[in-house]
Amino acid sequence: MSTRAVWFVTGAGRGMGVDIAKAALAAGHQVVATGRNTEAVAKVLGEHDDLLVAELDITSPASAEAAVEAAVTRFGRIDVLVNNAATFQAGYFEEISPEKFRAQVETNLFGPLNVTRATLPLLRAQRSGHVVTISSTAGLVGQEFCVAYATAKFALEGWMESLRFDVAPYGIRTTIVEPGFFRTELLEEASTAWPDVSIGDYAARTAPTIDGWKSMNGKQAGDPAKFAKALVAVIDRDEPPLRWVAGADAVAVVEQKAHELLAQVGAYRELSSSLAHDDAAASA
């Protein structure tokens, strides 16, 4: 990547998006900072010669196309797309209405798909670019009270791993980022939705679990400013990673999941390896 690139950041009005936009600007890049509320984006980022604030509703393909067009009009290209915007629908599966569950997937999965679909024709024409998607440890490890969020994030992981093969022939790179818990605004009311259905069997667990999640807000160990600076450095490398696990807690969780997967494979290796047709097994 050139030393000066154009970064297109979704969800740049709050949370990690603000820090990512600031870190990219501080590193000398040009930034398209997007959000539904452009006034909020402009307020937190201020004025900068290398900054364009653009309206973007990631759930709208037309809005994504308009934001990409605005970026090209201003800077002529996009080098790094950062799919960052997301919300958090908490709750046990049965206590999340079908409408709320679909809304979570619409935002956290189809939102990044919409923006990437609008951006890829430009990146292919350039024969260069980098698609970066902010996933979560919840995209690799299922967690209690995170069934809707994890569903969307697990799907993001599969999409990004496969997208890599689609776009690599055109000089386009991909990176999945799995942050742990960072002190962002994700657990605030503007970004988090709590269960809207009450079921007796879950009642004794739901209320204290909600209180536990709320008590974490503002106390997460991860520093989003450090994360953003590190992300820019990682993406600016000559050979950026296909996956970056961010945060000491994330490293520990992912290592545990990897060990568990290997142990489960090993426990049933003989049975699993004995399932071929007899003629295939004989010729092997």
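In what follows, helices and strands are DSSP runs, of at least four and at least two residues respectively, numbered from the N terminus. With that settled, colleagues, let me turn to the structure, which is a predicted model.

I begin with Phe145. This residue lies in the loop that separates β6 from α5, the helix of residues 147–167. Is Phe145 buried or exposed? The cut-off for burial is under 20% relative accessible area. Phe145 is buried, because its relative accessible area is 2%.

As a general point, an α-helix has 3.6 residues a turn, so residues three or four places apart point the same way.

A second residue deserves attention, namely Arg127. It sits in the loop between α4 (98–126) and β6 (129–134). Setting aside neighbours within four places in sequence, Arg127 is in contact with Tyr170 and Gly171. Arg127 and Ala168 are separated by 41 residues in sequence, yet their C-alpha atoms are 9.5 Å apart.

Finally, I turn to the protein as a whole. It has ten helices and nine strands. Its C-alpha trace spans about 65 × 55 × 35 Å along the principal axes. For 284 residues, a compact globule would have a radius of gyration near 19 Å, and the 20 Å found here agrees with that. Buried residues account for 45% of the 284. Of the contacts between residues at least 6 apart in sequence, 73% join residues at least 24 apart.

As for the surface, the accessible area comes to about 14,500 Å², and carbon and sulfur atoms contribute 54% of it. The protein carries 25 positive and 35 negative side chains, with the centres of these two sets 5 Å apart.

Terms used: Residues numbered from 1 in each chain as written. Predicted model: local features only at pLDDT ≥ 70, side-chain atom pairs only at ≥ 80, totals over all residues. Heavy atoms only, no water. Buried < 20%, exposed > 50% of the residue type's maximum accessible area, 1.4 Å probe, protein only. Rg over C-alpha atoms; globule rule 2.2 N^0.38 Å. Contact = heavy atoms within 4.5 Å. Areas by Shrake-Rupley, 256 points an atom, 1.4 Å probe, with all protein chains shown as cover. Lys, Arg positive; Asp, Glu negative; His and termini not counted. Charge placed at Lys NZ, Arg CZ, Asp CG, Glu CD.
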